[in-house]
Amino acid sequence: MAQLKIRLLSDLCAGSGEATGMTVDSDLCMDEMGFPYVPARRVKGVLREAADLLCDCGAAARPEVEKLFGTAEQAGQLSIGDAFFPRMDEMHAYLAGLVPSELKRSAAPLNIARLFTSVRGQTRLENGVAVDGTLRFTRVLDRHNALHPDRETELIAEVTLEPDANVELFKRCCAAVRHIGSNRNRGLGYVQLSYSPEGSHNRFDPPDIPEGDILRIEYTLELDAPVTLPGCAEQLDEISGRSVIGCLATQCEPASEDFSDLFLNGAVRWSALTPRICGVRSLPAPLSLVRLKDEGVYLNRATASPEDLMGKKLKAVNGRYLAMTDKGGLLAGPRSHTLYHHSHKNETLYMQESLDAGMLYSGYVDTPRRLAGRVLELLCEARFAFGRSKSAQYGSCSLAEPPTVTAVEEEARSLPEGTPVWVLLESDLVLCEEGLYTADPLSVRAALAEQLHLKNARPDGKQDYCQAHVLSGYQAQWRMPKPQLPAMRGGSLFVFVASGEQIPAQRQLGEFAQEGLGVFRLLTEQELALSRIEKAQIDLHTPEGGSEGAALEKAMAAAELERVFREAVSELHREMLSAKRAGGRKFKDSGLDLFVRTGTLGRVRQMLAEAESYPNLKDRIASIKTSDQHSDNLVPDRDKAQKLVSTVWDRTCGAHKKLLELWGGDAFQLWKKPMMQMIHLLYYGK
């Protein structure tokens, strides 16, 4: 995938619009681990601003600009992702599991942010006098890289251009951009943009295709960016099958022979993408599942006895997904957040609720063997983007691992007459009855009972757990909403009685089979009653480590060393003052009598600045004449200076050898700073 490189020529403030407590009034955009980044909307906004300037000066045509960047009515040919540090995955991998115990404090998000940023203060002046109440602090991204101090900071954003896009116009827009972010008139945000058509993108080779009439292709996507999935008066947390179809269909030629089979007539069925939990594709949690509020455990009302529920406070489990394993059920909910955006054109502030980036979503495709190769080709080569704002900051996904292909072998089942049978909807179900779409529970029950040859009756003491909602969508080609449809929600549970007849293998009911709707699972009471249900976490992308993680470790170790050295020097100085106040005349004989005369401190400071190593510093101090003993001192200044230097060295470098090994640099050069701090404290403490 092509890349847009942003090189900082000054400090940058691409603010998030939020503050950090009482310390920072305007903060940067940072990810969950503390790394600063520039949102894609800012990048695309300054590029569009540059394009408008090119139009005003006659260097670009307005229709070409609108075709490239898009309009309110038509999507553009350009998509941009957030701008992150290069090789961000390697640094995330290091922080995710390789941080040694000595650096745990430095791995906190705020401390990671401090490696790459600094805080600036500014106030408003009137007649040369600061105005009360106008002091503001702004966090900025430093121009020079903390991991590589000899380089300027560089950010990388992934770029996707349609095949017929005007690449030369895009390059001219990049060259015209000079500033990004706020406070541009105060020297911030001076940048240089460059477009690189060569980038890196994970590609997987299609697997071998086994024998079988119907094949199931399972695949997993990683959310590379936050994903916003608007529903009908609700935010969705699963990627629907119609969204998958819409994404892939736009990358196929409609005139091709297999287009109808792939996306329209139901020959190929695309399931919804749901979160993966502990390596298992999840299903919408059954609506019968509840949490006992006082006890914090989960219980299935469909299989629980009345005694288990009597007198309990039950809390519904909404928006959760269940992964069924041999050891029981694993319950988890997607992580989401709210981002705020500001529109400069109409001066409005709005927000978008989105699924967090980094989560893994899994789904499957049921296809005839003759179309399996084409489906695999699409999955391995297509660009995935879902939901709103796909052209900037949101919606980007990628294949996380190679797809797997297995043959589907559905078999009919036989259950003794009178056995309770549960039908769990794995996805939403849309039923058409007498030409009208309906989500009436009685109609759904009747249709399920007829298809599965079950008795449309409930066993004694059992009940259904079902809920209806409305499906919606958007037709991008026609630029208009799709019709709203009533549907039975995935996770609904219906109970029947076995009639003794053989239950057919068909496990799909209703309309829009190609979109993965109407898929259900047949369960006996024993299969439904999971041995236990535990709370879990949705699987996250696990990046691979690399050399950038080692560079981050060195920078973190250097920052931690400076922090602990500064604390050690301050603690030593406090101990010296306390001992002096409490010791009186006895203080002269104590090990904390490290107060050196002002003249000698000046000489030690000069020697420290000129010394090339710690032994060299000790040799320089040893050259001080013992005849310099002051009448008030029982110990010569040379001996006191040597004792001061050795004590500070032992409290700093001697006490943190492991941190020094992690840092791997010259300990003496790093130690000079706290030594200078000690000299400063003693000099001005007089």
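The following dialogue examines how several terms apply to this predicted model.

Mentor: Local features here need pLDDT of at least 70, side-chain atom pairs count only at pLDDT 80 or more, and totals for chains, interfaces and linings use all residues. Residues are numbered from 1 along each chain as its sequence is written, and side-chain values use heavy atoms, leaving out hydrogens and water.

Trainee: Why is Cys397 called buried?

Mentor: Buried means under 20% relative accessible area, exposed over 50%, and partly exposed in between (1.4 Å probe, protein chains only). Cys397 has 5% relative accessibility, so Cys397 counts as buried.

Trainee: What makes Arg566 partly exposed?

Mentor: The relative accessible area of Arg566 is 41%, and therefore Arg566 is partly exposed. Arg566 belongs to helix 12 (residues 547-583); helices (H or I, at least four residues) and strands (E, at least two) are DSSP runs, numbered from the N terminus.

Trainee: How do you know that Cys397 is in no disulfide?

Mentor: A disulfide is a pair of cysteine sulfur atoms within 2.5 Å. By this rule the count is zero disulfides. For Cys397, the nearest cysteine sulfur, that of Cys247, lies 8.2 Å away.

Trainee: Which residues of helix 5 are buried, and why are they said to be on the same side?

Mentor: In helix 5 (residues 167-176), the buried residues are Leu169, Phe170, Cys173 and Cys174. They cover an arc of only 145° around the axis, so they lie on the same side of helix 5. The arc is that of the directions from the helix axis to the C-beta atoms. An α-helix has 3.6 residues a turn, so residues three or four places apart point the same way.
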